[in-house]
Amino acid sequence: MGSSSSSRNKIPNAQELMHQTGFSSAHLLRLHDRFESLDRDNRGYLSPDDFEVLGGLAMNPIGGRIIEAFFSSGQDTVDFSSFVRILAHFRPTDRNRNKEGTQQELPSSRTRKLKFAFQLYDLDRDGKISREELLQVLRAMLGLQVTEEQLQSIAERAIQEADLDKDDAISFDEFKKSLEKMDIDTKMSVSFLK
Amino acid sequence: MTALWTLSLLLSASLLGCLAVTSPDGSPLPHNLPPSLGTNSSDGSLSVDLPMALRVFSMDYHHVQAPFEIVLWIMLASLAKLGFHWSGRVPAVVPESCVLIMVGLLVGGVIYGVRHSAPPTLSADAFFLFLLPPIVLDAGYFLPGRLFFENLGTILWYAVLGTLWNVLGIGLSLYGVCLLAQSSLGDVSLLHCLLFGSLIAAVDPVAVLSVFQEMQVNEQLHILVFGESLLNDAVTVVLYKLFESFLRLPSVSGLDVLLGGCRVVVVGIGGLCVGLFFGLLAALTSRFTSRAQVIAPLFVFLYSYLSYLTSEMLHLSGIMAIVTCAATMKQYVEANVSERSNTSIQYFLKMWSSVSETLIFIFLGVSTIQDIHMWSWPFVTSTLLLCLIWRATGVLLLTAFVNKLRRNAVTFRDQFIIAYGGLRGAICFSLVFLIDDFPKKRLFITTTIVVILFTVFVQGMTIKPLVELLYVKRKKRALPTLSEEIHSRLIDHLVAGIEDVVGYWGQHYWKDKFEQFNKKYLRRFLIRNDRQASSSILRVYQELERREQRGVEEEAPPIVDPRSQGRPLLPEEMESIRRILSRNLQNFNNKQTPAYSRHTLHQDTLVDRTRKPLYRHQSLGERYSYNTITHFQGEDGGLSEPQRVRTGLSRSHTVCSISPRSTLLDSSDSAGPAQTRSMDPKAAREDLVSPKHQETMERAARKHLSFVLENEKQQ
């Protein structure tokens, strides 16, 4: 794949990215290739329609939200470093790193993963999943198969289960608590991003 | 129902009658001929006196004997099948194969009782030349291509290595047993044991699939088991022939073993090539069938059968040939022939494979009633045990390796199903009859029959309850809360989306390359001109409009009926909600298919599903629905054709595949009609104005389409 120094020069801030996200340089290069293949017009950044041509994503019930998650507040372009930082959330968690006492928490840590998932619900970024937001996601996932009343009752029940401080919304801590038994680390990782 | 049973009894009675009419030694004796000739010596004196009058009524059975008996057997088999499906609760408990074998046993027993000699057995030739090809052809034609190739590595791993492991394991351990039981089994040599191991290790696709019909298996598991059973036939038959030829050689040297190894590879790849050749030929032929549409389906069958026969003639793997042929020709043939021909092809395939399978099981039962059994307790029991043990260990070991490389790990439940569901069937049976005669051949035959009956009956009947037991146990350990289920599904969707963003390095690279090659060369050559760039979008859109107007409503399951919003839910409602969730939310990744039935076409329960894609797009915003409606003319014709897997399916999907990029549509607009104008590859290159855009759009769209296909292939 060519000498690593010359190819790393293609990528700005490669070292810093590697340090912050935990990706290896080989992975970074592959991600860069992927970024370039998605970026058809070679503009150096991606816009939402670059994502929408991905077939699987278009059929995904929460595809729109995933795409939006790449674009941080307000902006409608994502450059390579942001792209990589988002994808870093999905690295399999490296459990042996605890002893190092890393100063910076890697994006692939459990909390950060959960935060990412939380933000898929919480579109208005108020730190809470309201009933309406939950309903929207449920509607997207369940589609035509369930009636509106059933959706309401499912959402109701879900909030009842998780809502500990009875404010009729799920905060991030409540969200984390409701998922404490789930193995997020393996569930929310894409194995070849290691 | 009782009428059916009496009818089938009548039929068997008539069958027996026919068999009784023919004498046991097979040659028609003079007294069977109609006494119209009058030259019979036994009553010659009588007939000479009678004038040679015209017989008003006479019977000449021998004239029609062969086809008559064949038809009677097929009729018996089909009626038994009908009876099975009408017989109330039996299908839930006993798999069809068991019932058929029992019917066969009954008929065989009766025939034996009447004639006091062995009933007709299934000859190996009849099996391999006439009964097996339809089943394998059906399997190959309806093979879910994308899923198969995605899991190809795992399938090959199980098929080749797993079979080798089983063969060597069983063969060597049996030899050990024979050495131990020197007194009774001393004359069974190592090669014999290995030969026996090779034929008994073969997991039979027919038996396995007939059991899976009643079980809920997800797509991935189904394709793993199914693919493995198909491919391991190649390995098995090769090993069998190898050991057989070793047996005939005076001595076996290392060179022979090496040559044997090469032989395996040659046989496999040879079969593949033969299949490819005939598949492409069939595709090309189907291109010209527009003027004689009625015989178009015939070509499918002829070419496939020809590929099977050719590879059998060359001692290559016929099964691989026919599967490859069917899988290759499918997309082109479906594009080229009319809808009705497509339907005919599919129905005929299903019908023939169904009949074949039924006949095989009936004959298995009938052939069990024999004179030539030889029993040996140590041999039989150890074979049974060893089969189970080796298969289980093989699956466990192989899965441990393979899970490291796979995206979707093969779960423990899946492993159990794969291991326990390794049923043996008619292939072992036929192969054992083909062994050269040696003193213990009858023992082998008996053991094979016992193993087949055991696996089909015991394992076949108990697999479903055992699986449910396992599954339920797992669920009971940790009952997930509703939140967990919802969030877990969300995360599944999320990860799937991210995987799409990231792309699969390496795995889809070759697939994309192949699709490009396919589009550029193969399709242009093999598909009719007028079908290449036609836009079915308009058709699809109109179809969907029609359906919406007809008001096809999907009924929500009427289990839960909550009255008000804030009321706490009762446990039963909770349970039903959980059931709804686990049923519905697993659409995406787990893809549960209810009873994959080989004997029905997947008639689209997808009538309701056609609305879903539109809906999903609306969730992404207004843009999509707008685009699907207005940009249908610009669609690139190549999209709909390759994915028309099931009739009617493609219609819903081409709508969704439109990319909202106007630039691409412009280029595809120019490319579309241009393609119909010129077949010249050079011009084609020019036509692909923005080749990168075009290809990636199609790639994306095709991935999209095939993804949707997988998604929609469920209840």
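Author: **Charged pairs and their setting**

In chain A, 56% of the contacts between residues at least 6 apart in sequence join residues at least 24 apart, a contact being heavy atoms within 4.5 Å. The model is a predicted one, in which local features need pLDDT of at least 70 and side-chain atom pairs count only at pLDDT 80 or more, while totals for chains, interfaces and linings use all residues. Residues are numbered from 1 along each chain as its sequence is written, chains are lettered from A and ligands numbered from 1 in the order in which they are written, and side-chain values use heavy atoms, without hydrogens and water.

Chain A holds twelve helices and two strands; these are DSSP runs numbered from the N terminus, helices being H or I of at least four residues and strands E of at least two. Their order from the N terminus is α-α-α-α-α-α-α-α-β-α-α-β-α-α. Of the chain's 194 residues, 52% count as buried, where buried is under 20% relative accessible area, exposed is over 50% and partly exposed lies in between, with a 1.4 Å probe and protein chains only.

An unreviewed UniProt entry places the feature "domain: EF-hand" at residues 109-144 and 150-185 of chain A; its positions are given in the numbering used here, its feature names are shortened, and its annotations may be inferred rather than shown by experiment. In the span 150-185, the end C-alpha atoms lie 31 Å apart, and 61% of the span is helix and 8% strand.

Side chains of opposite charge can pair when their charged atoms come close. A salt bridge here is a side-chain nitrogen of Lys or Arg within 4 Å of a carboxyl oxygen of Asp or Glu, and over all chains the count is ten. One of them joins Asp168(A) to Arg131(A), with the closest N and O atoms 2.8 Å apart. Asp168(A) sits in the loop between helix H10 (148-162) and strand S2 (169-171) of chain A, and Arg131(A) in helix H9 (residues 131-142) of that chain, so this pair ties together parts 37 residues apart in sequence. Both partners are partly exposed, Asp168(A) at 39% relative accessibility and Arg131(A) at 21%. The pairing extends to a network of salt bridges that links Arg131(A), Glu156(A) and Asp168(A).

Another salt bridge in chain A is formed by the side chains of Glu180(A) and Lys177(A), at 3.5 Å from N to O. Lys177(A) is partly exposed, with a relative accessibility of 45%.

In chain B, the side chains of Glu244(B) and Arg248(B) form a salt bridge at 3.6 Å, N to O. The two are four residues apart in helix H12 of chain B, and therefore separated by about one helical turn. Glu244(B) is buried, at 9% relative accessibility, whereas Arg248(B) is exposed, at 55%.
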